[in-house]
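Please open the structure in your viewer and keep the selection panel at hand.

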Amino acid sequence: MSVVSLLGVKILNNPAPFDAKYQFEITFECLEPLQKDLEWKLTYVGSATSSEHDQELDSLLVGPIPVGVNKFIFEADSPDLKRIPTSEILGVTVILLSCSYDDREFVRVGYYVNNEYDNEEMNHEPPAKPVIEKVRRNILAEKPRVTRFAIKWDSEDSAPAEFPPEQPEADAVEDDGAAYGAEEEELEAAEAEAEAVTTADGVKENGEDEEMAGAEDTSGPTQPKAEEEESDAGSEDLEAESSGSEDEEIEEEEGEGDADEEMQMDEGGDGAMHAEAGKEKGMQGEQHQGEVMVH
């Protein structure tokens, strides 16, 4: 937990000429007494391609810090033009407002800054050498980027964990390197055994069919013609009964098919309702998203 929390930053002079001082009204809260001072810094990013052109515009020590809400004004000079590439003076850049305790940074606020001429003609056709007297800066104060860091304060209990906790039980676990791929091998062996059993069953069935075919030739004498007719009549009745049962089964299957179709339509309706609810939820999530605020 941070002992000092940044509550708000207000830029007092914005927009302003390029060579004007930066003025910030900073509000923060201190939860417990501190043994040392807070150090505030303002850094100007001179180039987007290299940190060599970064400038520390000013720094300020604030202390002793009383417990509670505190407020002060931080002023910093404008950047040195000699340390900024000529091609980087105009356009968008960044300023960084940071605070440290005992040389440990715990909060940083970044702002985009747009540097342009105060008239449209010069912005449309800028001169080869920038005219600083005509350049104005505009800090995008509504969209700061706040980054917080966990640091050690005065007590050792406030120090953040630098390394993950020890896990002695992890060393007791056996290495599974030897067993790697054992499951795949067992699965392949089981599949091969199943294929072998299937092949053997197929051979056995073919053998039984051949024996049955041979047995037909050695069958007894044929039945008399009258008995054949009776058996045929009986077979016709069985066929009629079986055909009737088949019709009933077909009708039942058709009925079940209609029921299935109705269930599928119902399921599709539920899916559409869920989809519409998901869209509404996504739209509500987008509506509830707010801008990042400085705290």
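Begin with the open sheet, in which three strands lie in the order 1-3-6 with antiparallel pairing. Strands here are DSSP runs of E of at least two residues, while helices are runs of H or I of at least four residues, and both are numbered from the N terminus. Two strands count as paired if DSSP finds at least two bridges between them.

Select residues 4–11 and then 68–76: these are strand 1 and strand 6, the edge strands, each pairing on one side only. Direction ignored, neighbouring strands of this sheet are turned by 20° against each other on average, the axes being lines fitted to C-alpha atoms.

In general, the strands of a sheet pair through backbone hydrogen bonds.

Now display the whole protein chain, which has four helices and 10 strands. Along the sequence, the pattern reads β-β-β-β-β-β-β-β-α-β-β-α-α-α. Of the 295 residues in the protein chain, 21% are buried, that is, under 20% relative accessible area with a 1.4 Å probe, protein chains only.

The model is predicted: local features need pLDDT of at least 70 and side-chain atom pairs pLDDT 80 or more, whereas totals for chains, interfaces and linings use all residues. Residues are numbered from 1 along each chain as its sequence is written, and side-chain values use heavy atoms, with hydrogens and water left out.

Conventions. Buried < 20%, exposed > 50% of the residue type's maximum accessible area, 1.4 Å probe, protein only. Axes fitted to C-alpha atoms, helices over the stretch in contact; angles between N-to-C directions.
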